[in-house]
Amino acid sequence: MNELAIKELMRSKEESRILTGKISGIEDEYYKIKNENISCAIIWYEDIKILIPSTHLSTKKINKSMIRGMLGAEVDFIIIEIDTTSNIAIASRMAAMELRSNLELPKLKVNDTVRVRILAVGVKHIIADFYGKEVIIKAANLQHTYILNCKELYSPGEYLKVKIKNIDIKNDIFELDAKCFIENPYKNIRKYITENGEYTGKVVAFPKRNSGVIVKLDNSNITCLIRVPAKFNNYPHFLDNVLIKITEIKESKKLIYGYLIRII
């Protein structure tokens, strides 16, 4: 048993000190306070197993599936129980979140640049740990270009540099932006494509609110909203290679329009 680690855990319990670790597993444990089996996130602190019950993991209701999405994420926690005989401790992430948010958030203001930890990744958003607050950052605030799937670009446990666009602690409103630190490819787009030009690309999405398809240009992250003329008997499929013609470029709105010439 690591005596130094035990001392650190005991200090966390006695002094409400925040510790940090990565979630590396999930177990169902009998939890005395709730008198039932509860899914717990597992963090190894040296050779000591830390269990964070789902009831202490987030301010929102969380289940085993959601914990799976947090595997690999780095989280803060405070020890609430420790058994040196079994080498197991129970911890609360919620207690650490509350303490950190009370200490750190009042120091921050709009336009500050900070680093946040990625907790979980969805298809069109990520969830970041923003000094004790779980903040959703939508795909539109992550990249200038269309993101097909955030899971292909981001992973739990990674750090992300963001700018604070809005912070209202009283009303629990936080808006973070990462794309401001990435070069905007639309600024010089006319160097690479022009109206009436024809270009090859790949179908990557089918927008719900617009007719047509979204095509990602070859050798570029730029996407275009492409109309499919009525003459086409076969509608293009996902990842089909196509030839398109550009009809309009709106750099300021990051929108490019065109129509399908043929499926390659």
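Before you start: residues are numbered from 1 along each chain as its sequence is written, and side-chain values use heavy atoms, with hydrogens and water left out. Because the model is predicted, local features need pLDDT of at least 70 and side-chain atom pairs count only at pLDDT 80 or more, while totals for chains, interfaces and linings use all residues.

**Stop one: S7 and S8**

Select residues 113–121, strand S7, and residues 125–130, strand S8. Strands here are DSSP runs of E with at least two residues, numbered from the N terminus. Two strands pair if DSSP finds at least two bridges between them. S7 and S8 run antiparallel and are joined by four bridges. Three residues lie between the two strands, which form a hairpin. Now pick Arg117: Asp129 in S8 stands opposite.

**Stop two: S8 and S9**

Click on Ile127, whose bridge partner in S9 is Ile136. Then go to the turn. Two residues separate S8 from S9 in this hairpin, and Tyr131 takes a positive phi near 50°.

Zoom in on S12, residues 198–205, and S13, residues 213–217. Four bridges pair them in the antiparallel sense. Finish at Val203, which has Val215 of S13 opposite.
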